[in-house]
Amino acid sequence: MTLMTMIMKMSEGLGRTFAIFALTLIFSIPLGMIVAWLRMSKNRIISNVTRFVISILRGTPLMLQLLAVTYGPYYLFEISVSRNKLIPVVIAFAINYAAYFAEIYRGGIESMPVGQYEAANVLGYSKMQTFFHIILPQVVKRIMPSITNEVVTLVKDTSMAFTVSYQEMFTIGKQIANSQTSFMPFLVAGVFYFIFNGVVDLVMGKIEKSMSYYS
Amino acid sequence: MNILKMENVRKVFDGTLDVLKGISLSVDAGEVVAIIGPSGSGKSTLLRCATLLTDMTEGELAYKGESIVTTVDGKAVYADKAALKKARGCFGLVFQNFNLFPHYSVLKNLIDAPINVLGIPKEEAIETAKVLLEKMGLADKIDAYPCQLSGGQQQRVAIARALAMKPDILFFDEPTSALDPELTGEILKVIRQLAEENMTMVIVTHEMIFARDVADRIVFMDGGVIVEEGPAQEVINNPKEERTQRFLNKYQQ
């Protein structure tokens with residue numbers, strides 16, 4: 001197999017790779033906000049349960065979580081594994097990333113000086129207004145570097161979908177590598193991820209810059 | 001008329017630390033009251049209780065005759081949300097470290113609350129903001145961000161932000177303590193100007209000369225109680241209490 005055919009075959013999976021990436025972000029970013037909110041709840045039970053769930057999601061391999069979400073329903077309830085594996089893959093990724101995002105949000109929110117809340121309080125802002133007008137915009141700026149980190153990691157983590165044989169770029173590459181007994185597909189995959197992350201860096205850098213009008 | 005009336009305010013932190021031991025303070029419309037005293041005397045806590053940032057343990061609080069806190073069986077009971085919201089409209093607070101909103105321009109700092117809290121039309125809020133900035137000598141900083149301003153300028157913006165809400169009474173919590181001496185003057189000048197315009201103010205300060213010149217009445221606090229209270233000139237020039245004398249002597253050295 002020529003290098004060119006290899007590249008062509010693997011790029012057929014790029015759409016799926018991108019689908020995992022984009023859908024995970026779309027679901028995990030808001031879901032993380034809800035998880036962070038539960039984690040910071042004044043209700044001890046809610047916050048402790050949430051903390052426990054986060055510790056499981058962060059303390060066990062994403063690969064294991066992928067397998068559990070994809071095949072768990074079959075072993076537990078004998079529900080047949082869905083043919084479109086994108087759904088379980090995105091569910092597993094979104095939940096896992098939401099746990100990380102939640103902790104980033106929490107760190108950002110808790111790092112806000114109490115004076116900002118007090119100034120808003122005295123000016124008569126409601127709790128919702130204080131959060132959405134005063135706190136959140138500042139938190140977003142503070143946590144942007146950590147978010148970029150997660151997004152970059154996510155690009156590479158999409159390769160883990162090969163464990164459930166979802167036909168994304170890396171899975172195809174691995175299959176070619178096996179059939180051709182060649183290491184070349186892995187190098188091609190590496191270049192793909194590197195270019196993908198170059199774009200991510202560019203976009204995230206633009207976003208960070210757009211918020212640098214104050215310090 | 002009393003704008004602010006506090007009766008027998010007690011604040012106990014963690015059930016043991018007695019910070020305020022029964023303070024009563026009334027402020028009339030147009031009056032300027034300066035609160036002085038050593039660190040830890042409870043001055044700031046008193047201000048925080050008055051501005052509803054800290055819950056008092058016991059006591060009474062009323063703005064313009066409307067009761068906000070009453071005491072039932074030795075425990076402070078706060079009025080409902082609507083009443084608290086209304087009370088918050090009566091006062092403004094200028095913080096020691098400004099607490100401007102860093103992500104907002106100077107103009108946005110001044111108009112965001114009037115628009116979103118008071119429901120004032122945007123054009124009107126902008127007009128008011130411009131007048132206030134002119135008065136503070138900051139007309140050219142309208143589009144600047146707080147981080148581009150000096151401490152003194154930031155504090156003047158903070159005063160303008162509080163005034164934009166058209167409060168009946170303005171509290172100052174050591175407004176010059178975070179500023180170096182050269183910048184202190186510009187803040188004191190602004191407060192003096194407000195006093196001439198008959199703004200009702202309560203100022204916690206360590207600037208004794210300023211307190212004497214600008215305040216109508218001085219309250220000297222120590223150990224959670226009001227030790228001495230009276231006309232500004234009298235308290236500073238001829239303190240009656242031995243504790244007040246000792247405190248003021250330190251400033252004259």
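**Exercises on a predicted two-chain model**

Chain A has nine helices and zero strands. The model is predicted.

**Exercise 1. Describe the overall build of chain A.**

Solution. Start at the N terminus. The order of elements is α-α-α-α-α-α-α-α-α. Next, take the extent of the C-alpha trace: about 70 × 45 × 25 Å along the principal axes. Then turn to burial. Of the 215 residues in chain A, 30% are buried. Finish with the contacts. Among those in chain A with a separation of 6 or more, 72% join residues 24 or more positions apart.

**Exercise 2. Work out which elements of chain A touch chain B, and with what kinds of residue.**

Solution. Begin with the counts: 17 residues of chain A are in contact with 20 residues of chain B. On the chain A side, helix H6 (114-123) and helix H7 (127-157) each give two or more residues. H6(A) supplies the largest share, seven residues. Now sort the chain A side by type. Eight residues are nonpolar, eight are polar and one is charged.

**Exercise 3. Decide whether helix H5 of chain B is largely enclosed, and find what its buried residues pack against.**

Solution. First, check the geometry. Second, apply the burial cut-off: 20 or more other C-beta atoms within 10 Å. Eleven of the 13 residues pass, so H5(B) is largely enclosed by the rest of the structure. Among them are B:Gln153, B:Arg156, B:Ile159 and B:Leu163. Third, list the partners in chain B. The buried residues pack against strands S7 (91-94) and S8 (169-173). They also pack against helices H3 (106-116), H4 (122-135) and H6 (181-196) of chain B.

Methods. Residues numbered from 1 in each chain as written. Chains lettered and ligands numbered in written order. Predicted model: local features only at pLDDT ≥ 70, side-chain atom pairs only at ≥ 80, totals over all residues. Buried ≥ 20, exposed ≤ 12 C-beta atoms within 10 Å, placed from the backbone. Helix = DSSP H or I, 4+ residues; strand = E, 2+ residues; numbered from the N terminus. Contact = placed C-beta atoms within 7 Å. Nonpolar A, V, L, I, M, F, W, Y, C, P; charged D, E, K, R; others polar.
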